[in-house]
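Colleague: I would like to learn how to read this model. Could you take me through it slowly?

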Amino acid sequence: MTTKPRQCVAIEPDLIAAATGEAVPAARERVAAHVAGCTSCRDDFARYRAVDAVVGTLRADPAPPGDAEAARRRLIARLADLKTRLVSYRVFPSPLGPILLAASEHGVALVEYLRGGLSRSRLFTMAGIDPQEDGGELERLHGELLEYLAGRRTRLEWPLDLRFARSDFERAVLQATSAVPYGAVSSYTGIAGDLGKPSAVRAVAQALRHNPVPIVIPCHRIVGVGGDLVGYAGDRIGLKERLLAVEGVPTLHGRTSRIERRGMYHYDPNPDRQYCLPTCGTILERPIGQVKLFARRELAEAIGLEPCADCRPDLHPLS
Amino acid sequence: MGEAVQLDDPAFEAVVATHHGEIYRYLRRLAYRGAEADDLSQETFLRAYRARHRLTPDANVRAWLFTIATNVFRNHVRSERRRRVAHASLQVTRRELDLDGPEAAVLAGEVRTLTEAAIRRLPLKQRLAFTLRKLHELDYELIGQSLDCSAESARAHVFQALRKIRTTLNGHVLPPTESTR
């Protein structure tokens, strides 16, 4: 075996480059000059040119056997499936503690107070969900949520995806609850009545307990028929109270926390659509739900109610 | 699986329409079986779909997909290797794939087949660099990104691959070319 002359070894990378279309002009010239006087490298050059030509035929090959079109159809089907399962999420800080926001292609699917870490999120316990931490788009929602919690925004008009609700009944409960306006209060009994199922009070409470999108669907505005705050996010009555406080709904703290009805305007449905002071007749004794409560007069008037001609809440507003 | 399945995401459908053929072909060249290429290209596009929001409007989508496909293939090779070791079936698998034996060479007889076989026998990085450069004509900068190495190392891999292919073809008559460019 002979060793190559040093200049042949040195030119070899340029030679390969020149033979396979990879060389800059200067290298090509160096190679041309060298092979002009070196038979062995001229042969090498020709060999590499030939190899390059063979590789060129491989490059030009039609796709090797295997049906790319069928593969593409299968891919589209899988992508369509992934798209329906994909839920992107991110955990954000908030004055109420870490909150997970999750959205699918259809809308916001989860607003979750995170306790005990991300792994316990409903996101990871429900079948048919492909969670993905992402959430560039969720940042805007987080911003709106913070504004809401600071009292600078009264509505979260987000498209919702209620796939985490467990039944159509639960979805109906959520729907009815979302109709309770900002600063107003109703009861589980009231919602059951709205749904035409007055005896389904416990089922309504269960559905709201599982509300996948609290705050957005304002289950905090739903209280016991006597004004008790009852449950929220498990046992976090404090959160419910804070959310109500943001909306200006007064609460009392005794053995239990309850709505301070005396600080709210009352509406007992009547043909004249008049709302009252809590001191109007015996209205204070009527169950919440049958009467709706409003923290401020403007809130009642915003839904088209008029001040009562007897108690005149317009002349004697609650302080 | 009907024709009717639609993704209903025009932007990503356009990505699939434009690039699926080439990515599939790339993976078909790398994989040993068609079904494998099918799975791997699906995996590539599923990953791409998940990450599509991270793609800036001026991004080089083709290069991005090649990078994903290359990673998918490398992971696949890694897990295949683990699986094979676990099942101690390495020997069998190797024999099945062995195009190097004298009979195979005689049977195939053809320079192209030999070249393809030589490409398959290259160490993984050389093979990927070579395939990306010579069969799909990506530039070295992008190949380096796909392989987590510099553009220079990517180039070195390709050159090393060319040397090996050339060695494999020693003694075979190659199709004539004009002698200079």
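Modeller: Gladly. Let us begin with a rule for angles: under 35 degrees counts as roughly parallel, over 145 as roughly antiparallel, 65 to 115 as roughly perpendicular and the rest as oblique. This is a predicted model, so local features need pLDDT of at least 70 and side-chain atom pairs count only at pLDDT 80 or more, while totals for chains, interfaces and linings use all residues. Residues are numbered from 1 along each chain as its sequence is written, and chains are lettered from A and ligands numbered from 1 in the order in which they are written.

Colleague: How many helices and strands are there in chain A?

Modeller: Helices (H or I, at least four residues) and strands (E, at least two) are DSSP runs, numbered from the N terminus. Chain A has 10 helices and 12 strands. Its radius of gyration is 35 Å, well over the 20 Å that the globule rule gives for 319 residues, so chain A is more spread out than a compact globule. That radius is taken over C-alpha atoms, and the rule is 2.2 Å times the number of residues to the power 0.38. Along the principal axes, the C-alpha atoms of chain A fill a box of roughly 115 × 40 × 35 Å.

Colleague: Into which domains is chain A divided?

Modeller: Domain bounds come from an automatic or database domain assignment. Here they give domain 1 (6-60), domain 2 (83-163) and domain 3 (166-307) of chain A. The C-alpha centres of domain 2 and domain 3 of chain A are 24 Å apart.

Colleague: How many residues of domain 2 of chain A are in contact with domain 3 of chain A?

Modeller: Two residues are in contact if their C-beta atoms, placed from the backbone, lie within 7 Å. By that rule, 16 residues of domain 2 of chain A are in contact with 12 residues of domain 3 of chain A. On the domain 2 side, β3 (108-113) and α5 (138-149) of chain A are the elements that give two or more residues. The largest share of that side, 5 residues, comes from β3(A).

Colleague: Which elements of chain A supply the side that touches chain B?

Modeller: In total, 35 residues of chain A are in contact with 37 residues of chain B. At least two residues each come from α1 (6-19), α3 (39-60) and α4 (68-85) of chain A. The largest share, 13 residues, belongs to α4(A).

Colleague: How should I read two packed helices?

Modeller: Two packed helices are described by the angle between their axes and the distance between the axes. Axes are lines fitted to C-alpha atoms, for helices over the stretch in contact, and angles run from 0 to 180 degrees between N-to-C directions. α4(A) packs against helix α1 (residues 10-30) of chain B at about 120 degrees, with axes 10 Å apart. That makes α4(A) oblique to α1(B). On the α4(A) side the contact includes A:L75 and A:I76, and on the α1(B) side B:V16 and B:Y24.

Colleague: What about α3(A) and α6(B)?

Modeller: The axes of α3(A) and helix α6 (residues 111-121) of chain B come within 10 Å and cross at roughly 85 degrees. These two helices, α3(A) and α6(B), are therefore roughly perpendicular to each other. A:V54, A:V55, A:T57 and A:L58 meet B:V111, B:R112, B:T115 and B:E116 there.

Colleague: And α3(A) with α9(B)?

Modeller: α3(A) and helix α9 (residues 151-168) of chain B pack at about 100 degrees, with their axes 10 Å apart. In this contact, A:R47, A:Y48 and A:V51 meet B:L162, B:I165 and B:R166.
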